[in-house]
Amino acid sequence: MKKTLILIAILLGYHGYSQNKLDGYIETGLKNNEIIKQHNFDINKSMYALKEAHSLFYPSVSLNANYTKADGGRTIDIPIGDMLNPVYSTLNQLTNSNAFPALQNQSVLINPDNFYDARIHTTMPLLNFEIIYNKRIKKQQNSLQIIELEIYKRELVKEIKIAYYKYLQSKEGIKIYEEALKLVKENQRVNQSLFKNEKINRTAVLRSDNEVIRIEANLETAKQASNNAKSYFNFLINQKLDTEIETDYQNELLPTTMVSENTHNREELAKLGIVKELNGSVSKLTESYWFPKLSAFADFGFQDFDFEVNKDSRYYFAGVGLEWNIFSGNKNKFKLKQVAKDTQKINSQIDNVKQQLLLQFQVTQNNLKSALEQFNADKNQKESARKYNEDITKLYKEGQAIYIELLDAQNQWVNAQLNTNIALYNSWIAYAELERANATFTLNQ
């Protein structure tokens, strides 16, 4: 570990940059990214679902009204005449009058004719465990959405950092090729002058011309690669693809949080923990089948014929309802067994993910160490190549070295610069991957 920190210090002494620009771009990416916006929509939706589940505890009130017009159909026969006419006849004889007329038997329609019924209907659950566990499940689902958003944010931060480092890597590569182009063009000029003075043959001139063409092609390739890196970076932070990227080179210390393992705080484990709790709530919801459901209801309204409204039209009707499932063919028993198997599966997943996250941390940490070692080696080789190129250039100008030797020295110098540049930003990329594996980047909530 001490050696790793020494290599970091060497890295910082060579070429560092300020995190201020990058932090600003990360903030922009987290704010503008469309996938994050979609996740926020899902979170808001789950929050409303939670509020909906909570509203089930409150009374439900509705206005119900109906009017019926009927004719025909089933009737109820009432033998009023058969029952009262003999009595009325006897009374008429006793009173020597017709005060008691004969009555006809009545036939009343079962369906009420010209009848209205308007009422306020209120229901309220008094005891319902399904509602209780349903609310708990909705709350856990909302927490799950939030955790999934955090996971995506961390992945996005890593991608933004890597894209930024690759853009810096491409820009530095362009600078190296531009300097190399100046070098080979100078060689071309010198060789043409020497050829005119008949001090070298035409082969050296042709070779220097080819070198100019080769470096120009490499420079163009580097520029296109840089444009692609810029477009991808702007895509990640949801900017126009051709937006210029601001960079700020400074010597700043690299964070050292990667030396301490922190995988137990990964959101992936928290997500599985919530999934386990959610599965437990589903089990409780299934078990609630065995508990009774108790609810109350009340109707307050008016009903009468011919739209009459008076004190006799008013009525109320209230009561309590009980529902208790006794037997369902062991359906819920088998559901509980399924939930129990899901719980075992989740426990296995948690153990497996813990090992995966720990492995990811160790691999990325080793990759960072390797990248720093590679940078250190390339940096030393770059210094040797620089000195070697200066010596051969001096000898070539003095006529003590051939052009092939000069060309080899210059190619070694250019390649050493490119390799050092690649190793430098590969170290930053490896750090970004380690930071992601260790969940050490602080997300602003």
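User: Is Lys230 buried or exposed?
Analyst: The relative accessible area of Lys230 is 11%. Buried means under 20% relative accessible area, exposed over 50% and partly exposed in between, with a 1.4 Å probe and protein chains only. Lys230 therefore counts as buried.

User: What kind of model is this, and how are its values limited?
Analyst: Residues are numbered from 1 along each chain as its sequence is written, and side-chain values use heavy atoms, with hydrogens and water left out. Local features need pLDDT of at least 70, side-chain atom pairs count only at pLDDT 80 or more, and totals for chains, interfaces and linings use all residues, since the model is predicted.

User: Which residues does Lys230 touch, leaving out those up to four places away in sequence?
Analyst: Lys230 lies in helix α6; helices (H or I, at least four residues) and strands (E, at least two) are DSSP runs numbered from the N terminus. Contact means heavy atoms within 4.5 Å. With residues up to four places away not counted, Lys230 touches Tyr167, Leu241, Asp242, Thr243, Glu244 and Ile245.

User: How are α5 and α6 oriented to each other?
Analyst: Axes are lines fitted to C-alpha atoms, for helices over the stretch in contact, and angles run from 0 to 180 degrees between N-to-C directions. The axes of α5 (residues 129–196) and α6 (residues 202–236) come within 8 Å and cross at roughly 165°. Angles under 35 degrees count as roughly parallel, over 145 as roughly antiparallel, 65 to 115 as roughly perpendicular and the rest as oblique. The two helices α5 and α6 are therefore roughly antiparallel.

User: How do the residues of the contact of α5 with α6 divide?
Analyst: Ala, Val, Leu, Ile, Met, Phe, Trp, Tyr, Cys and Pro count as nonpolar, Asp, Glu, Lys and Arg as charged, and the others, Gly among them, as polar. On that basis the contact of α5 with α6 has 21 nonpolar, 8 polar and 11 charged residues.

User: Is the crossing of α5 and α7 left-handed or right-handed?
Analyst: The axes of α5 and α7 come within 9 Å and cross at roughly 165°, which means that α5 is roughly antiparallel to α7. A crossing is left-handed if the near helix is turned anticlockwise from the far one by less than a right angle, and right-handed if clockwise. The crossing of α5 and α7 is left-handed.

User: How many charged residues does the contact of α8 with α9 hold?
Analyst: Helix α8 (residues 331–397) and helix α9 (residues 403–438) have axes that come within 7 Å and cross at roughly 160°. The pair α8 and α9 is therefore roughly antiparallel. Among the residues of their contact, 20 are nonpolar and 16 polar, and the number charged is 7.

User: How far apart are the end C-alpha atoms of residues 336–385?
Analyst: A UniProt annotation from an unreviewed entry gives "coiled-coil region" for residues 336–385. UniProt positions are in the numbering used here, feature names are shortened, and annotations may be inferred rather than shown by experiment. In the model, residues 336–385 are 100% helix and 0% strand, and their end C-alpha atoms are separated by 71 Å.

User: What relative accessibility does Asn389 have?
Analyst: Asn389 is placed in helix α8. Apart from neighbours within four places in sequence, Asn389 contacts Ala409, Gln410 and Trp413. Asn389 counts as buried because its relative accessibility is 8%.

User: Which residues does Asn279 touch beyond four places in sequence?
Analyst: Asn279 belongs to helix α7 (residues 267–287). It is buried because its relative accessible area is 9%. Not counting residues up to four places away, Asn279 touches Val339, Asp342, Thr343 and Ile346.

User: Where is Asn238, and what is its phi?
Analyst: Most residues other than glycine have a negative phi. Asn238 is found in the loop between α6 and α7, and at 36% relative accessible area it is therefore partly exposed. Asn238 is not a glycine, yet its phi is positive, at about 60°.
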